[in-house]
Every structure is written in structure tokens, then in C-alpha cells.
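Please look over the sequence and the model below before reading on. The report that follows starts with the chain as a whole and then turns to its parts.

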Amino acid sequence: MTSKQLAGLRVWLDEQQEIVERAWIFGSRFSGQRREKDTSHGPDVDLAVELQISPDGKRDLWLHELRHRLREFLDKNGAALDLSANEGEANFVHLEFCIEGWKVTDYVAEGAAMIYPLDGMEKLAADLALDPIR
């Protein structure tokens, strides 16, 4: 994962701060180990987010809203960032949610790099750890 890709995802996450509590990169981008499915088009980007607690019980709406917002962001900025909203393309951003009882929560617990929120030395350490994993 390049610095430009990481910075682009952080820009998008900053725009979602009323919904997103934390976010991680996990999977082959974190571990550095490509799976067979990654070889034909390049690896995807596994992005997991934890939602803010919804005071009005609209969690399910937020799930759909975030997917929609990410698609819009990538349709507008993806080419410049070398990220894609289209499954099967290289650098497809696969958005998952950390919700109790969901499998992705286990994947994040097994190993992931927190990319949001970060500041100061945490941000620098994350940049150095993730750039470049190819």
C-alpha cells in the first residue's frame, strides 16, 4: 500500500468522523502475503471500520451509507489514488465492518494496522509500517 493510497483513505475517513470510530487495514495488505486470487488483478485493500454508537439506532442505515459514500469518493478520486470501487480490479477497496459477532472482527483482532484515528507518532509509525506493501 502506498503513502498516497493510505492518505486518500484517511481523507475519506476524516470526512466520515460522525459515523466512523476507528478503521484498520487487514488481510493480505497488512500481512504482506498475497493470496492466489490477488495475482491476476493485484491485491484488494481490506478496510475494516468500527462505527460510532448510533444514538438513534440507525446502524444498518450507516452501513449502507458508508458503502455509498466510499463508492462516490472512489469514483471521483480513485484513479488519482490508484484505488478502485470495482470488485475484481486492482486495489479494489473492500469495506467491512467490525461489529460484535461478525467474522471481520476476528480478522482484525488477529492482525491489522489501525489507520484511523491517528496523530503524531502513531501516524508516522503506521505510514512506515504500510508503505510500500506490494
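## The chain as a whole

Read along the sequence, the chain follows the pattern α-β-α-β-α-β-α-β-α, and its secondary structure comes to 5 helices and 4 strands. Helices (H or I, at least four residues) and strands (E, at least two) are taken here as DSSP runs, numbered from the N terminus. This is a predicted model, in which local features need pLDDT of at least 70 and side-chain atom pairs count only at pLDDT 80 or more, while totals for chains, interfaces and linings use all residues. Residues are numbered from 1 along each chain as its sequence is written, and side-chain values use heavy atoms, with hydrogens and water left out.

Of the 134 residues in the chain, 41% are buried; buried means under 20% relative accessible area, exposed means over 50%, and partly exposed lies in between (1.4 Å probe, protein chains only). The accessible surface of the chain comes to about 7700 Å², and 51% of this belongs to carbon and sulfur atoms; such areas come from the Shrake-Rupley method with a 1.4 Å probe, and for residues only the protein chains shown count as cover. Among the contacts in the chain with a separation of 6 or more, 71% are between residues 24 or more positions apart, where contact means heavy atoms within 4.5 Å.

The 4 strands form an open sheet in the order 3-2-1-4, with mixed pairing. Its edge strands are strand 3 (93-97) and strand 4, each of which pairs on one side only. Neighbouring strands of this sheet are turned by 30° against each other on average, direction ignored; axes are lines fitted to C-alpha atoms, for helices over the stretch in contact, and angles run from 0 to 180 degrees between N-to-C directions. Two strands are said to pair if DSSP finds at least two bridges between them.

Strand 1 pairs in the antiparallel sense with strand 2 (residues 45-51) over 6 bridges, and Ala23 stands opposite Val49 in strand 2. Strand 1 also pairs in the antiparallel sense with strand 4 (residues 112-116), over 4 bridges; here Trp24 stands opposite Met114, and the bridge partner of Ile25 is Ala113. Strand 1 (residues 20-26) is largely enclosed by the rest of the structure, because 5 of its 7 residues are buried. Strand 2 and strand 3, by contrast in sense, pair in parallel over 5 bridges, with Leu47 opposite Leu95 in strand 3. In a regular strand the side chains alternate between the two faces of the sheet. Strand 3 has a covered face, made up of Val93, Leu95 and Phe97, and an uncovered one with His94 and Glu96.

## Helices around the sheet

Helix 1 (residues 3-15) lies across strand 1, strand 2, strand 3 and strand 4, and runs at about 55° to strand 4. Helix 4 (residues 103-110) packs on the sheet as well, touching strand 1, strand 2, strand 3 and strand 4, and its direction makes about 65° with that of strand 1. Within helix 4 is Thr105, which is partly exposed, with a relative accessible area of 27%. Not counting residues up to four places away in sequence, Thr105 touches Phe97, Cys98, Ile99 and Glu100.

The axes of helix 1 and helix 3 (residues 59-81) come within 11 Å and cross at roughly 145°. The contact is made by Lys4, Gln5, Gly8, Val11, Trp12 and Glu15 of helix 1 and by Leu66, Arg69, Leu70, Phe73, Ala80 and Leu81 of helix 3. Gln5 is buried, with a relative accessible area of 2%.

## Backbone details in the loops

Most residues other than glycine have a negative phi, and most peptide bonds are trans. The loop between helix 3 and strand 3 holds Asp82, whose phi is near 60°, a positive value in a residue other than glycine; Asp82 is partly exposed, at a relative accessible area of 46%. Asn91 is found in the loop between helix 3 and strand 3 and has a positive phi of about 65° although it is not a glycine, but Asn91 counts as buried, at 9% relative accessibility.

The peptide bond from Tyr116 to Pro117 is cis, with omega near -10°, and Pro117 is found in the loop between strand 4 and helix 5 (120-130).
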